[in-house]
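Let's take a friendly walk through a protein model, starting with one residue and then stepping back to the whole chain.

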Amino acid sequence: MKTLIRGGRVYDRAGDIHRPPLRDVIVVEDRILRVVEPSTEGASDIARAASIGVPDARVIDATGKLVIPGLVNAHYHSYDVLSKGRFEDMAFDVWALHSQPAYWGKRSKAELRARTVLGALEALRHGITTIQDMNSLVPQDEETLDTILAAYDEVGIRVVFSIAVRDLAALDIEPFLPPGIPPDVVALIHGKPGDAKADLAFIRAQLSRRNPLPPRLTWAIGPSGPQRCSTELLEGLAEISADFDLPVLTHTYETRAQLAKARKVYGRFGGSYVRYLREIGLLTHRTTLAHGVYLSRPEIDELAEAGAGVVHNPLANLKLKNGTAPLIDFKRAGINLALGCDNCSCSDCQNLFQAMKMYALLAQGMDGEPSGVFACDAIDAATIGGARAVGLSGQVGEVKAGMKADLALIDLSDYAYQPFNSAARQMVYSETGRGVDTVMVDGEIVMSGGKPTKLDFDNFRGELTEIMAKVDADYESIAQRSAPAVPYLLEAARNVNRAPLGLNRYAGGGLSDPDRTAS
């Protein structure tokens with residue numbers, strides 16, 4: 001298949017990012033063959049295609065469109081897509097008790113497909129062509145895995161899939177719980193420990209079984225977090241990453257409780273997860289830490305030295321009361337920064353335009369000095385930064401010859417671009433995702449006119465309505481079961497907030513008075 005995308009403004013991070021020039025993009029099969037200057041002779045589509053060596057190409061008229069590289073969502077969990085809009089004003093560990101797969105149990109194949117399809121479609125609608133799905137399989141078996149991967153193939157999105165594993169089941173805040181908790185609540189918070197050897201064997205078996213991989217699918221390694229995994233499990237995952245040259249993405253320093261746990265439990269490593277990961281061989285150029293809100297400057301320097309990076313999830317960080325990551329320190333240290341949308345249950349969308357804007361704004365609010373963080377940095381984080389984090393550097397993230405044909409066309413007649421002053425700034429500060437018109441993955445049009453091309457969305461919504469009846473009923477049961485634990489988790493959070501940890505990432509300065517109520 002050959003495609004000529006004709007006459008659009010092509011965003012090139014190395015060129016004019018404010019008023020990108022008009023270009024023609026030639027796609028052959030799944031890759032960009034060339035990006036060339038447009039014809040000035042008013043030639044027909046057929047004549048233009050023939051003149052640049054692709055006489056039988058289909059032609060997409062990109063007049064009045066901005067052609068950008070498909071965005072890369074470098075941190076995402078598809079398992080709770082159906083909980084969008086369900087939670088609000090919840091501390092992190094309270095939210096985890098209500099949202100994580102272990103508490104929901106086995107789901108039907110229809111639900112697995114529906115949640116995977118819906119998350120992927122929403123991503124594509126907002127110009128995201130690659131997602132890194134860090135997925136906790138419940139149960140951890142081949143049927144569950146194959147159902148999810150088949151749904152991704154049905155939609156046509158590119159996915160970097162990691163099987164999220166942990167063998168330390170307790171909630172992160174467990175060391176700070178108050179005394180006198182009823183046994184049934186303790187059991188709920190502690191969970192059931194996992195089996196490191198079984199997890200490692202399952203991952204290796206899937207890497208072998210699904211080889212060669214289908215188009216648009218690659219693997220990553222997904223330890224849930226250093227604080228949730230035994231040394232045996234982490235060392236085994238480091239070995240798999242090295243054996244197969246796979247990226248590693250793991251939750252680290254997402255919350256203040258995780259920082260407190262590092263100080264309390266990992267003292268032999270200087271109270272630092274970063275040093276712990278380094279000592280066991282899991283801090284390499286393949287490693288990206290999800291969130292990194294409570295990274296110290298010395299730890300950020302260690303990441304830079306190792307060639308590791310961070311995927312910033314501003315929406316989830318704020319909604320779950322975790323604070324703001326040290327974005328300017330990231331920029332000054334030169335570490336690779338990617339962006340993620342995280343769970344639908346804590347960011348409520350798969351929309352990197354929201355994440356880009358939030359990243360840029362938070363950086364401006366760090367202090368009164370110029371931050372050195374610009375709109376183009378947010379776009380880089382959502383494209384080449386994400387590509388590097390998920391192991392696709394040089395494959396996706398730019399509109400240039402040899403790259404995968406993962407592209408999004410944005411309608412410049414949208415209100416967000418009136419008047420048109422800067423493609424980069426208006427993409428970050430004005431665009432909502434509404435302007436995304438056409439999306440291509442691997443050279444295939446998967447979204448046209450804002451609608452999916454590979455399935456009927458109206459029919460899918462009908463299927464979703466039927467599935468949600470059971471989801472809603474199950475949530476009511478989960479909420480009732482979890483209710484007795486909530487006061488103890490909130491007291492533990494207050495204990496953590498009062499602890500002198502040396503870092504404060506809260507915009508309002510934190511809880512100076514633990515009994516404070518909202519005005």
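Which residues does Ser83 touch, not counting residues up to four places away in sequence? They are Trp104, Cys344 and Ser345, where a contact means heavy atoms within 4.5 Å. Ser83 sits in the loop between strand 6 (71-76) and helix 2 (92-99). Its relative accessibility is 5%, so Ser83 counts as buried (under 20% relative accessible area, with a 1.4 Å probe and protein chains only).

A word on the source: this is a predicted model, in which local features need pLDDT of at least 70 and side-chain atom pairs count only at pLDDT 80 or more, while totals for chains, interfaces and linings use all residues. Residues are numbered from 1 along each chain as its sequence is written, and side-chain values use heavy atoms, with hydrogens and water left out.

Now for the whole protein. It has 18 helices and 17 strands, which are DSSP runs (H or I, at least four residues, for helices; E, at least two, for strands) numbered from the N terminus. The radius of gyration, taken over C-alpha atoms, is 23 Å, close to the 24 Å that the globule rule (2.2 Å times the number of residues to the power 0.38) gives for 519 residues, so the protein is as compact as a globular protein of that length.

| Property of the protein | Value |
|---|---|
| C-alpha box along the principal axes | roughly 80 × 55 × 50 Å |
| Buried share of the 519 residues | 58% |
| Contacts joining residues at least 24 apart, among those at least 6 apart in sequence | 77% |

Conventions. Buried < 20%, exposed > 50% of the residue type's maximum accessible area, 1.4 Å probe, protein only.
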